[in-house]
Amino acid sequence: MEIPPFELERWLDEYEPDADLMLAESGVRSLPADRFDLDVGELGYVIPTDGDPAFRGEVADRYGRDGEEVVLTCGTQEADFLTCLSLLDEGDHAVVVEPTYQSLRSVPESLASVTTVGTEPPTWELDVDAVADAVRPETALIVLTNPGNPTGKYLGPETIRALYDLAADGDAYLLVDEVYRMLADDPHEPAA
């Protein structure tokens, strides 16, 4: 597996430390460790690597799923990475809706062949028929962010349903990175 350097992160590494105002970041600045009480005491338990079962159950309830279907990760990037590793093999194909967060294209490209389907400014509308045209018999995965990153375009439930049906018809999976879903004025139900 060979993944190209993550250009956005390289750019942020260069300019972020000296920025007075960081407008290109969706996270928060790191805080010094001395601001926290790091003596957590005796924990007395070990959390399973896929997350605490009770918490996984709470997450599953939120999405109308079973707790066994939920794996907790250290952020969306890890979840997306593990999903691609689990679903894509050499000889497979993926369709990636662009523009998107770089890893959502470069990770699938490191594992399989990829066809991109672009959206254009100023509306960033997605043509589901263009996605259908990009699907091949060996397509194992269709990937998009919703709301779009970096565009902010929020696709409606009817579009997500059409993409889901397209994936299901081809015996493929639909990966919808919804990390910013709850920032929408009126969030749709999650794709799950």
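Which residue in E2 is the bridge partner of Val95? The partner is Thr115. That pair sits in a predicted model with 6 helices and 4 strands.

**Overall layout**

- Along the sequence, the elements follow the pattern α-α-α-β-α-β-α-β-α-β.
- Taken along the principal axes, the C-alpha atoms fill a box of roughly 55 × 45 × 40 Å.

**The sheet**

- The 4 strands form an open sheet, and its order is E2-E1-E3-E4.
- The pairing in this sheet is parallel.
- Strand E2 (113-118) and E4 are the edge strands, and each of them pairs on one side only.
- From one strand to the next, the twist averages 20°.

**Strand by strand**

- E1 and E2 run parallel and are joined by 6 bridges.
- Strand E1 covers residues 93-98, and strand E3 covers residues 139-145.
- E1 and E3 pair in the parallel sense over 4 bridges.
- Val96 stands opposite Val143, which belongs to E3.
- E3 and E4 also run parallel, with 5 bridges between them.
- Leu141 has Tyr173 in E4 as its bridge partner.
- The chain goes from E3 to E4 by way of H6, in a β-α-β crossover that is right-handed.

**Helices across the sheet**

- Helix H4 (residues 103-111) lies across E1, E2, E3 and E4.
- The angle between H4 and E1 is about 165°.
- H3 lies across E3 and E4.
- H3 runs at about 170° to E4.

**The largest pocket**

- How many residues line the largest pocket? There are 44 of them.
- The volume of this pocket is about 1800 Å³.
- Glu69, Leu175, Val176, Glu178 and Ala192 are the lining residues that lie nearest its centre.
- Several elements each supply at least two residues of the lining: helix H2 (53-62), helix H3 (76-87), helix H6 (157-169) and strand E4 (173-177).
- H3 gives the largest share of the lining, with 7 residues.
- By type, the lining of the largest pocket has 26 nonpolar, 8 polar and 10 charged residues.

**The cavity**

- A probe the size of a water molecule, rolled over the atoms, shows where empty space is left.
- The structure holds 1 cavity of 30 Å³ or more.
- About 110 Å³ of space lies in the largest cavity.
- What lines the largest cavity? Its lining includes Val97, Pro99, Thr119, Trp124, Leu126 and Leu144.
- Also in the lining are Thr145, Asn146, Gly148, Thr151, Lys153 and Leu155.
- The lining of the largest cavity divides into 6 nonpolar, 5 polar and 1 charged.

**Elements to revisit**

Technical notes: Residues are numbered from 1 along each chain as its sequence is written. This is a predicted model: local features need pLDDT of at least 70, side-chain atom pairs count only at pLDDT 80 or more; totals for chains, interfaces and linings use all residues. Side-chain values use heavy atoms; hydrogens and water are left out. On a 1 Å grid over the protein atoms alone, a cavity is a set of points where a 1.4 Å probe fits but cannot get out, and a pocket is an open set with protein on both sides within 12 Å along at least five of seven lines; lining residues have an atom within 4 Å of a point. Grid points are joined across faces, edges and corners, and a volume is the space filled by probe spheres set on the points. Ala, Val, Leu, Ile, Met, Phe, Trp, Tyr, Cys and Pro count as nonpolar, Asp, Glu, Lys and Arg as charged, and the others, Gly among them, as polar. Two strands pair if DSSP finds at least two bridges between them. Axes are lines fitted to C-alpha atoms, for helices over the stretch in contact, and angles run from 0 to 180 degrees between N-to-C directions. Contact means heavy atoms within 4.5 Å. A crossover is right-handed if, with the strands pointing away from the viewer, the path from the first strand over the helix to the second runs clockwise.
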